[in-house]
Amino acid sequence: MTSQLPSPTSAHRPGRSGDDVDRTFEMRFTSTPRGARLARRLAAHRLDTWGIPYGTGRHEEIVLVLGELTANAVRHGHVPGRDFHLLLHVSAPTHTVRVEVTDTRPERTPPRPEALRAPGPEDSGGRGLLLVSALATRWGWHPRPEGPGKTVWAECAGAVPDVAGDRPAGPKR
């Protein structure tokens, strides 16, 4: 992880979970499994702080999507000596959580969402984006505008509760 920390104003704006306030957390992490794990843990804590509590279905789904994107950045976007960037944005007015993970490797791009195919039974990978596709409202990727690489993003609509509290994690009805 680099020493670049988010400013308190960009990382958290106090308020109740039902407030119409946008919240953003962003940070760079080392492009290693340890960096991906730290990104997932910090984002999980931030979501809880913002009113999407631990142990709820919404929280678990967002953290799973985020975990897949950060793991992919480490596995497929790793460039020695380069970090990956995580941006987590919660928009209360639209009840949407957006996860963006940017790496610096331009030649290893994921398929477009409409071209995503299930891997064969003998394939050892290729299931992460299927999981993202199933849990996120929409996802995609675009080239990194300020340099080499790409940003893979996913949005989870309906993830921000209207009032404090949420249903516990479990099967959807």
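A pocket is an open set of points, on a 1 Å grid over the protein atoms alone, with protein on both sides within 12 Å along at least five of seven lines; lining residues have an atom within 4 Å of a point. A volume is the space filled by probe spheres set on the points, with grid points joined across faces, edges and corners.

This is a predicted model: local features need pLDDT of at least 70, side-chain atom pairs count only at pLDDT 80 or more, and totals for chains, interfaces and linings use all residues. Residues are numbered from 1 along each chain as its sequence is written, and side-chain values use heavy atoms, without hydrogens or water.

**Confidence and fold**

The pLDDT is the predictor's confidence in each residue, from 0 to 100. The chain averages 84, and 81% of the residues score at least 70. Over residues 1-18 the pLDDT is below 50; this stretch has 37 contacts in the model beyond near neighbours in sequence. Residues 163-173 also have a pLDDT below 50, with 16 such contacts. A contact means heavy atoms within 4.5 Å.

The chain has four helices and five strands. Helices (H or I, at least four residues) and strands (E, at least two) are DSSP runs, numbered from the N terminus. Their order from the N terminus is α-β-α-α-β-β-α-β-β. Of the contacts with a separation of 6 or more, 65% join residues 24 or more positions apart. Of the 173 residues, 40% count as buried. Buried means under 20% relative accessible area, exposed over 50%, and partly exposed in between (1.4 Å probe, protein chains only).

The largest pocket holds about 470 Å³ of space. It has 23 lining residues; Asn72, His76, Pro110, Pro111 and Leu129 are the closest to its centre. Two or more lining residues come from each of α3 (57-76), β3 (96-103), α4 (128-135) and β5 (150-157). The largest share, seven residues, comes from α3.

The second largest pocket has a volume of about 160 Å³. Its lining includes Arg28, Asp83, Glu100, Arg144 and Glu146. Here β2 (83-91) and β3 are the elements that give two or more residues.

The table sets out both linings by class. Ala, Val, Leu, Ile, Met, Phe, Trp, Tyr, Cys and Pro count as nonpolar, Asp, Glu, Lys and Arg as charged, and the others, Gly among them, as polar.

| Pocket lining | Residues by class |
|---|---|
| Largest pocket | nine nonpolar, seven polar and seven charged residues |
| Second largest pocket | two nonpolar, four polar and six charged residues |

Gly128, Leu129 and Val132 are buried in α4. They lie on the same side of α4, because they cover an arc of only 90 degrees around the axis. The arc is that of the directions from the helix axis to the C-beta atoms. The buried residues of α4 pack against α3, β4 (138-143) and β5.

Leucine 130 is also found in α4. At 29% relative accessibility, leucine 130 counts as partly exposed. Not counting residues up to four places away in sequence, leucine 130 touches Leu116, Arg117, Ala118 and Pro119. Its C-alpha atom is separated by 9.4 Å from that of proline 119, eleven residues apart along the chain.

Arginine 112 lies in the loop between β3 and α4. Its relative accessible area is 37%, so arginine 112 is partly exposed. Leaving aside neighbours within four places in sequence, arginine 112 is in contact with Trp139 and Trp141. The C-alpha atoms of arginine 112 and glycine 140 are separated by 6.5 Å, at 28 residues apart along the chain.

Definitions and conventions: 1 Å grid on protein atoms, 1.4 Å probe; cavity = no way out; pocket = protein on both sides within 12 Å on 5 of 7 lines; lining within 4 Å.
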